[in-house]
Amino acid sequence: MDRGTIGVLPRPTTLADESYLEFVTSFRKFAIQRGFPVMAANGEAALNAALEEGDVAKPSDNGEVPLNEVKRVFKQVPFTPTWQRFVRSQQEMMWRGTRKSFLRKSDQLLKDMEAAEQSNPDNIHYDPTFEPPPYTRCEIHCQPGGYTDDPLGGPVFHYGTKIFYEGFNDQDELHIELAEKTTRPADGKIENILDIGCSIGQATTVLKDLYPDAEVWGLDVGLPLIRYAHMRATQRGKDVHFKQALAEDSGFADGQFDMVLSYILFHEVPVKKMKEILAETFRVLRPGGVFSIYEFPNNNDQIQMPAGYRFMIDNDSRDNCEPYSPAFVASDFKGVLEETGFVLEEGPAVSNEFLQSIIARKPEA
């Protein structure tokens with residue numbers, strides 16, 4: 001049953017589904033907004049006590065206790081396993097409930113995506129024989145089929161991440177903020193814009209609204225996400241191009257883009273691929289162009305991350321299928337950006353204070 005939308009957000013197919021998923025949203029809010037601070041505070045208090053008593057290994061040169069020691073102490077705190085179970089359970093409930101609901105109208109959704117391709121074929125670009133490499137086929141965030149293998153991955157991702165963002169992004173509010181804060185080139189020339197790892201194109205379409213005279217592209221490895229993004233854009237009259245390709249092998253021309261945006265992409269790829277993606281982005285950005293990055297925190301400038309966040313990110317890598325994030329967090333991301341040739345600045349502050357914001361400029365020739 002098609003129950004329409006709430007603004008840009010599709011409704012689940014039954015009122016019962018919508019009510020259940022609102023409960024899951026509340027459960028997630030409790031686990032993240034209230035549960036995590038309690039877990040982190042209790043764990044850090046136990047860690048400080050263990051340090052005073054000499055019951056943990058000495059901190060490294062940068063003052064951090066080894067992660068295995070953080071995990072050992074945190075797991076001895078009674079609330080920690082309860083919080084871990086809450087986080088895992090709400091994630092499983094989120095995807096199970098969302099996919100079950102949209103599966104009821106799968107035939108119509110697939111027909112709508114096909115109709116969009118037939119009516120607007122020039123704005124979607126993919127090779128039907130393309131096979132995503134194994135590293136891209138992890139079920140990130142535990143989404144069934146991940147970004148690449150479930151034909152309904154687009155609508156499932158859309159409503160699932162509405163829950164993931166705890167109701168704060170129901171109308172693409174977060175993506176609107178990020179697009180609005182994307183940095184412009186100093187010379188003001190904005191003719192071509194790229195959104196890498198664009199998923200369902202929430203920021204991509206906003207960039208077109210902000211720069212209507214520019215040609216705007218969204219790139220993602222997930223064909224189900226690209227097809228859904230193209231359908232959304234077509235239905236809303238947005239002249240945006242979407243392409244399935246690897247961010248490290250985009251197929252775009254040298255210096256094609258004036259601006260590039262990425263949002264929480266790099267912690268979802270291996271560090272080796274991260275370096276390749278940065279090199280490819282540098283190649284397709286023209287001299288004087290700007291790369292705006294919003295990403296997980298890491299060891300930039302040897303800033304010490306609180307033990308609670310270190311425990312959470314490690315737990316997230318296993319319990320939320322984020323297998324590449326620990327290596328990213330341990331990497332010198334800014335150093336790799338500079339080695340690639342970018343000149344860095346601190347990016348604009350965003351409402352999600354957990355993220356780092358970086359402006360990476362390609363020097364003038």
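**Figure 1. Surroundings of T13 in a predicted model.** Leaving aside neighbours within four places in sequence, T13 is in contact with M1, R3, S101, R104 and K105; contact means heavy atoms within 4.5 Å. The structure is a predicted model, in which local features need pLDDT of at least 70 and side-chain atom pairs count only at pLDDT 80 or more, whereas totals for chains, interfaces and linings use all residues. Residues are numbered from 1 along each chain as its sequence is written, and side-chain values use heavy atoms, with hydrogens and water left out. T13 lies in the loop between β2 (9–10) and α1 (15–53). Helices (H or I, at least four residues) and strands (E, at least two) are DSSP runs, numbered from the N terminus. T13 counts as buried because its relative accessibility is 0%; buried means under 20% relative accessible area, exposed over 50%, and partly exposed in between, with a 1.4 Å probe and protein chains only. The side chain of T13 makes a polar contact of 3.4 Å with that of D17 and another of 3.2 Å with that of R104. A polar contact is a pair of N or O atoms within 3.5 Å; within protein, one must be able to donate a hydrogen and the other to accept it, and residues adjacent in sequence count only if both atoms are side-chain atoms.

Figure 2. V24 lies in helix α1 and, at 0% relative accessibility, counts as buried. Apart from neighbours within four places in sequence, V24 is in contact with Q90, M93, M94 and I163. V24 and G97 are 73 residues apart in sequence, and their C-alpha atoms are 8.9 Å apart in space.

Figure 3. V65 is placed in the loop between α1 and α2 (67–74). With a relative accessible area of 6%, V65 is buried. Not counting residues up to four places away in sequence, V65 touches L47, L51, A57, P59, V70 and R310. R137 is 72 residues from V65 along the chain, and 33 Å separates their C-alpha atoms.

Figure 4. A cavity is a set of points, on a 1 Å grid over the protein atoms alone, where a 1.4 Å probe fits but cannot get out; a pocket is an open set with protein on both sides within 12 Å along at least five of seven lines, and lining residues have an atom within 4 Å of a point. Grid points are joined across faces, edges and corners, and a volume is the space filled by probe spheres set on the points. By this rule there is 1 cavity of 30 Å³ or more. The largest cavity holds about 30 Å³ of space and is lined by L9, H158, T161, K162, Y165, N169, D170 and Q202. Helix α5 (residues 153–164) supplies the largest share of this lining, 3 residues. The lining comprises 2 nonpolar, 4 polar and 2 charged residues. Ala, Val, Leu, Ile, Met, Phe, Trp, Tyr, Cys and Pro count as nonpolar, Asp, Glu, Lys and Arg as charged, and the others, Gly among them, as polar.

**Figure 5. The second largest pocket.** About 310 Å³ of space lies in the second largest pocket. The pocket is lined by 16 residues, of which T5, P10, Y228, M231 and Q235 are the closest to its centre. Two or more lining residues come from each of α4 (106–119) and α8 (223–235), and α8 gives the most, with 4 residues. By class, the lining has 6 nonpolar, 5 polar and 5 charged residues.

Figure 6. Two strands pair if DSSP finds at least two bridges between them. Strand β4 (residues 192–196) runs parallel to β5 and is joined to it by 5 bridges; I196 stands opposite L219 in β5. In strand β5 (residues 215–220), 5 of the 6 residues are buried. β7 and β8 also pair in the parallel sense, over 6 bridges, and the bridge partner of F257 in β8 is L285. Helix α6 (residues 173–180) has L174, H175, E177, L178 and A179 buried. The buried residues of α6 pack against α7 (202–210), β7 (257–263) and β8 (285–295).
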